[in-house]
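Q: Please take me through the structural labels used for this chain, setting each value against the definition that it has to meet.

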Amino acid sequence: MPVAPPSPRLPSLNALRAFEAAARLGGFAQAAEELHVTPGAITALIKALESDLGAPLFVRQARGVALTDIGRRALPAFSQVFDRLGEAVRELRQDAAPRRVHLAALPAIAQLWLAPRLSGLRALVPDIEVSVTAMEKPPNLKRAPFDLCLFYAEAPPADALALAQDRLTPVCTPALARRITGPKDLAGMVCLSDSVWAGDWARWAAVALPGQVFAPRGPVFSLYAIAVQEALNGAGVLIARQALVSPLLASGALVAPLDAVARVPAPLAAWTQAGAGRGRSSAQVLRALVQLA
């Protein structure tokens with residue numbers, strides 16, 4: 001009778017993904033965020049993988065984890081494998097739905113820059129279905145199911161296209177603007193801020209009030225769109241990114257009472273996965289966004 005020995009069992013794919021993410025990102029919490037699971041789940045998966053292999057992959061330390069020599073040697077190959085797997089899945093999605101594009105954008109950009117341009121985008125690419133997901137950080141296009149990113153990017157990919165080199169300026173309703181004759185007047189006014197861009201007031205004050213101390217006082221919002229709405233409500237003066245409020249400035253709903261402007265260090269940029277062909281729907285949408293900028 002022929003002998004049929006059992007095939008060697010491969011480690012869990014989820015455990016391998018947990019190892020690769022934790023090793024690449026430098027921690028279990030970061031891996032959990034990327035993979036949308038809990039840090040405890042990452043810990044359990046990696047413990048199971050280490051038990052299966054019979055060797056530790058991480059050294060647990062008070063300040064986090066560090067790769068062992070075995071883990072360090074294994075990481076490049078697994079990163080290449082999961083990058084290629086992500087690319088294969090993306091290509092499969094594109095082949096299955098070639099006229100569908102899923103765009104990831106910063107919430108403020110999605111609401112204030114992109115939304116007013118969606119009708120123009122549909123006119124330029126009428127046969128492409130564009131979906132939009134708002135998120136705080138650019139996804140890894142090699143891994144995540146997105147085709148195009150739209151973010152302020154301090155270190156955008158080499159082939160990213162800058163849609164706007166934004167500027168900072170205080171804005172408010174025309175009624176409030178009548179009380180402002182110079183930058184110093186803002187010291188006695190309600191100053192609206194966004195928590196993500198908490199440094200914008202200081203960046204502007206360095207240009208408008210060089211060498212002086214400026215401490216804006218007023219509410220801080222975690223959604224920039226709410227801060228803009230409060231400025232429209234007359235609740236205070238908002239330090240605004242011009243690219244996001246340009247329609248409101250054009251309509252006169254908000255005005256910029258001061259001439260001083262400061263440069264936003266990161267451009268508003270858009271990019272697709274490296275190597276996307278010019279005929280791909282994502283590349284067509286990217287070119288349309290450049291036209292609309």
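Q: Leaving aside its neighbours within four places in sequence, which residues is T68 in contact with?
A: With those neighbours set aside, T68 is in contact with P56, L57, F58 and V59, where contact means heavy atoms within 4.5 Å. The model is a predicted one, in which local features need pLDDT of at least 70 and side-chain atom pairs count only at pLDDT 80 or more, while totals for chains, interfaces and linings use all residues. Residues are numbered from 1 along each chain as its sequence is written, and side-chain values use heavy atoms, with hydrogens and water left out.

Q: Why does T68 count as buried?
A: T68 is found in the loop between β2 and α4, and its relative accessibility is 13%. Buried means under 20% relative accessible area, exposed means over 50% and partly exposed lies in between, with a 1.4 Å probe and protein chains only, so T68 at 13% counts as buried. The side chain of T68 also reaches the backbone oxygen of P56, at 3.0 Å. Helices (H or I, at least four residues) and strands (E, at least two) are DSSP runs numbered from the N terminus.

Q: What makes S193 buried, and which side chain does a polar contact join to that of S193?
A: S193 lies in strand β8 and has a relative accessibility of 11%, and therefore counts as buried. A polar contact is a pair of N or O atoms within 3.5 Å; within protein, one must be able to donate a hydrogen and the other to accept it, and residues adjacent in sequence count only if both atoms are side-chain atoms. The polar contact of S193 joins its side chain to that of W201 at 3.2 Å. Not counting residues up to four places away in sequence, S193 touches W201, P219, V220, F221 and A227.

Q: How do you know that L75 is buried?
A: The relative accessible area of L75 is 17%, which is why L75 is called buried. This residue lies in helix α4 (residues 69-96) and touches F19, E20, A23, R24 and L67, again without residues up to four places away in sequence.

Q: Why are α1 and α2 called oblique to each other?
A: The axes of helix α1 (residues 13-25) and helix α2 (residues 28-35) come within 8 Å and cross at roughly 120°; axes are lines fitted to C-alpha atoms, for helices over the stretch in contact, and angles run from 0 to 180 degrees between N-to-C directions. Angles under 35 degrees count as roughly parallel, over 145 as roughly antiparallel, 65 to 115 as roughly perpendicular and the rest as oblique, and α1 and α2 are therefore oblique. Residues R17, A18, A21, A22, R24 and L25 in α1 meet F28, Q30, A31, E34 and L35 in α2.

Q: What is the angle at which α2 and α3 pack, and what is that angle called?
A: α2 and helix α3 (residues 39-53) pack at about 105°, with their axes 8 Å apart, and that makes α2 roughly perpendicular to α3. On the α2 side the contact is made by F28, A29, A31, A32 and L35, and on the α3 side by P39, I42, T43 and I46.

Q: How many bridges pair β1 with β2, and in which sense?
A: Two strands pair if DSSP finds at least two bridges between them. Strand β1 (residues 58-61) and strand β2 (residues 64-67) pair over 4 bridges in the antiparallel sense, with Q61 standing opposite G64. A hairpin through 2 residues joins β1 to β2.

Q: What makes strand β5 mostly covered?
A: In strand β5 (residues 148-152), 5 of 5 residues are buried, with L148, L150 and Y152 on one side and C149 and F151 on the other. Strand β3 (residues 100-105) runs parallel to β5 and is joined to it by 3 bridges, with A104 opposite C149. Strand β12 (residues 268-272) runs antiparallel to β5, joined by 5 bridges, and L268 is the bridge partner of Y152.

Q: Which are the edge strands of the open sheet formed by 5 strands?
A: The order in this open sheet is β9-β8-β10-β7-β11, with mixed pairing. β9 (220-221) and β11 (262-263) are the edge strands, each pairing on one side only.
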